[in-house]
Amino acid sequence: MQPIPPLDPKQYQLEELLTARGIDLDWLNDEYGGPYSAPNVARWSIVEATKAIPVHYASAVADHPDVVRWVAELKAGALERQARRGSAVATADRGRSLILLGPTGTGKTHQAYGAVRDLAITGVSARWVMTTAPDMYAALRPRHGVDSEAEFRRYRSAPVLLVDDLGASKVTEFTEEINFRLINHRYERQLPTMFTSNALPKELTERLGERVTSRLGQMCQRVTIGGQDRRRRSAA
Ligand SMILES: Nc1ncnc2c1ncn2[C@@H]1O[C@H](COP(=O)(O)OP(=O)(O)OP(=O)(O)O)[C@@H](O)[C@H]1O
Ligand SMILES: [Mg+2]
């Protein structure tokens, strides 16, 4: 991990997030602990998250208490393993998953990217792969010159994975197989995954099948987000 210089909180849209979590900018920008110190890991994680998060969600702060708690649990698990193994850096790569359910426009993706940013500022290393389910299926379609199995392993083995819009695509044999292989692999290894879906729980079973939803039910904390479509509200 390379040393990361102090961050401008405005450039990285950190002000609201730091205030919400009671984190001092002086802690984040402390340069004396070396590259493996929690503040340096946090700066590195924020820089990486900022590159990967779509601009629309660049300032997202998760405000759902269950989402905030899930991030805190990932952090606590990472610190516990670090203390047990004596590793230099605490790494979030094991733990419960989270599924955010709710109708269109209620803020699931906002909460999801908020959680990514939230984990970043804790100083625990989290190497995310972030995708929507339809983009992932498109990236995995067998085609000439692409090793789609290698690409699949990138998703399957991501230390932390975000799959936005699960169950949004047309069900085919191909998507069924990807869903089962992905979710079964992550289920067996307790790899933390954040899913979002605007399907109702019953529809999710119809779209994903019982073997997938049974595993999701056991591996995930379920968070339901209600309310109006926020896009309509902001258009009004
Ligand atoms: N807590 C929040 N604070 C401010 N803006 C929010 C919040 N939650 C959501 N938004 C905004 O509301 C709009 C809808 O949110 P978002 O895209 O997260 O919804 P969604 O549930 O993922 O919708 P879909 O099911 O269509 O994917 C976006 O413009 C988002 O930036
Ligand atoms: Mg969304």
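Modeller: Helices (H or I, at least four residues) and strands (E, at least two) are DSSP runs, numbered from the N terminus, and two strands pair if DSSP finds at least two bridges between them. This is a predicted model, in which local features need pLDDT of at least 70, side-chain atom pairs count only at pLDDT 80 or more, and totals for chains, interfaces and linings use all residues. Residues are numbered from 1 along each chain as its sequence is written, chains are lettered from A and ligands numbered from 1 in the order in which they are written, and side-chain values use heavy atoms, leaving out hydrogens and water.

Biologist: In what order do the five strands of the open sheet lie?

Modeller: Strands of a sheet pair through backbone hydrogen bonds, either parallel or antiparallel. Here the order is 2-3-4-1-5, with parallel pairing. Strand 2 (128–132) and strand 5 (220–224) are the edge strands, each pairing on one side only.

Biologist: How many bridges join strand 1 to strand 5?

Modeller: Five bridges link strand 1 (residues 97–101) to strand 5. Ser97 stands opposite Cys220 in strand 5.

Biologist: How is the packing of helix 9 and helix 10 described?

Modeller: Two packed helices are described by the angle between their axes and the distance between the axes. Axes are lines fitted to C-alpha atoms, for helices over the stretch in contact (heavy atoms within 4.5 Å), and angles run from 0 to 180 degrees between N-to-C directions. Helix 9 (residues 201–208) and helix 10 (residues 210–219) pack at about 130°, with axes 7 Å apart. Leu204, Thr205 and Leu208 in helix 9 meet Glu210, Val212, Thr213 and Leu216 in helix 10.
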